[in-house]
Amino acid sequence: MNIKKITTITAPHYELLLLADPAKKLVNDYVKRGIVFEIAQNHLLGIIVLLPTRPETLEIVNIAVHPAFQGEGIGQKLLAFALEYAKKENYQTIEIGTSSTGFPQLYLYQKMGFRMTSIDKDFFIRHYEEEIVENGLILKDMVRLSLDL
Ligand code: ACO
């Protein structure tokens, strides 16, 4: 499996990005400003977008694995890569925000060492036009997590 930086976003990349974040406008914006990596082995398996936010802080704004390959450790590889990249580039903190109803993701991020820092109440009501239902619940709040490197 090979992780490499990409500068051209193809339709398959875009499909993955929308899996993690259905808000096209937000995706278009952070893809332009962020650093995008793909993971592939013969074909595209996943994507991760890293965005420098505050000084010494890098945020994982999008992470997605192709549905046919989820649950095989690829997400963990992408997260481990992001942590290494951030350390190498001398960032002090890495952050990630996710849905309060995304239980597998919350498990995974905490397994990788992220700790919860705050709740952005009604984030998904304010920023998303369509209601999102996940795991049987209407998604309203964003959980923000961070890891000190
Ligand atoms: N259901 C149950 N368990 C899961 C799931 C799931 N959907 N996803 C991951 N896990 C668990 C695995 O069991 C594994 O645990 P273990 O190692 O203790 O057995 C652990 O989480 C890691 O799993 P991976 O195989 O590394 O995760 P995967 O390759 O599936 O990638 C990801 C995780 C990126 C969340 C993927 O499922 C995905 O693309 N989901 C849809 C898009 C999404 O929700 N992205 C995150 C949005 S937040 C953001 O982008 C900032």
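Biologist: Which residues does Leu139 touch, not counting residues up to four places away in sequence?

Modeller: This is a predicted model, and in it Leu139 sits in the loop between β8 (137–138) and β9. With neighbours up to four places away in sequence left out, Leu139 touches Ser99, Ser100, Thr101, Phe124, Ile125, Ile132 and Glu134.

Biologist: How far apart are the C-alpha atoms of Leu139 and Ser100?

Modeller: Ser100 is among the residues that Leu139 touches. Along the chain the two are 39 residues apart, but their C-alpha atoms are separated by 7.0 Å.

Biologist: Does Leu139 count as buried or exposed?

Modeller: The cut-off for buried is under 20% relative accessible area. Leu139 has 4% relative accessibility, so it counts as buried.

Biologist: What order do the elements of the protein run in, from the N terminus on?

Modeller: The secondary structure comes to five helices and nine strands. Over residues 1–149 the chain is 33% helix and 37% strand. UniProt, in an unreviewed entry, lists those residues as "domain: N-acetyltransferase". From the N terminus on, the order is β-α-α-β-β-β-α-β-α-β-α-β-β-β.

Biologist: What radius of gyration does the protein have, and what would a compact globule have?

Modeller: The C-alpha atoms fill a box of roughly 35 × 35 × 30 Å along the principal axes. A compact globule with 149 residues would have a radius of gyration near 15 Å, so the protein agrees with that rule at 15 Å.

Biologist: Which element gives the largest share of the largest nonpolar core?

Modeller: This core has 28 residues, and those with the most contacts inside it are Ile48, Leu50, Ile60, Ile63, Ile94, Tyr109 and Phe114. Elements giving two or more residues to it are β2 (35–41), β3 (43–52), β4 (57–65), α3, β5 (93–99), α4 (103–111) and β9 (142–148). The largest share is seven residues, and it comes from α3.

Biologist: How far apart are the end C-alpha atoms of helix α3?

Modeller: The helix covers residues 74–88, and its buried residues include Leu78, Leu79, Ala82 and Leu83. At 1.5 Å a residue, its 15 residues should span 21 Å, so there is agreement with the distance between its end C-alpha atoms, 21 Å.

Biologist: Which residue just after α3 takes a positive phi?

Modeller: The angle in question is about 65 degrees, and the residue is Asn90.

Biologist: Which residues does Ile94 touch, not counting residues up to four places away in sequence?

Modeller: Ile94 is one of the residues with the most contacts inside the largest nonpolar core. Beyond four places in sequence, it touches Leu58, Ile60, Ala82, Leu83, Ala86, Phe114, Leu145, Ser146, Leu147 and Leu149.

Biologist: Is Leu147 buried or exposed?

Modeller: Leu147 lies in strand β9. Leaving aside neighbours within four places, Leu147 is in contact with Leu83, Gln92, Thr93, Ile94, Met112, Gly113 and Phe114. Its relative accessibility is 13%, so Leu147 counts as buried.

Biologist: What percentage of the 149 residues do buried residues make up?

Modeller: Leu139 counts as buried, and Leu147 does too. Of the 149 residues in the protein, buried residues make up 45%.

Definitions and conventions:
Residues numbered from 1 in each chain as written. Predicted model: local features only at pLDDT ≥ 70, side-chain atom pairs only at ≥ 80, totals over all residues. Heavy atoms only, no water. Helix = DSSP H or I, 4+ residues; strand = E, 2+ residues; numbered from the N terminus. Expected span 1.5 Å × (residues − 1). Buried < 20%, exposed > 50% of the residue type's maximum accessible area, 1.4 Å probe, protein only. Core = buried A, V, L, I, M, F, W, Y, C linked by side-chain atoms within 4.5 Å. Contact = heavy atoms within 4.5 Å. UniProt positions renumbered as here; feature names shortened; annotations may be inferred. Rg over C-alpha atoms; globule rule 2.2 N^0.38 Å.
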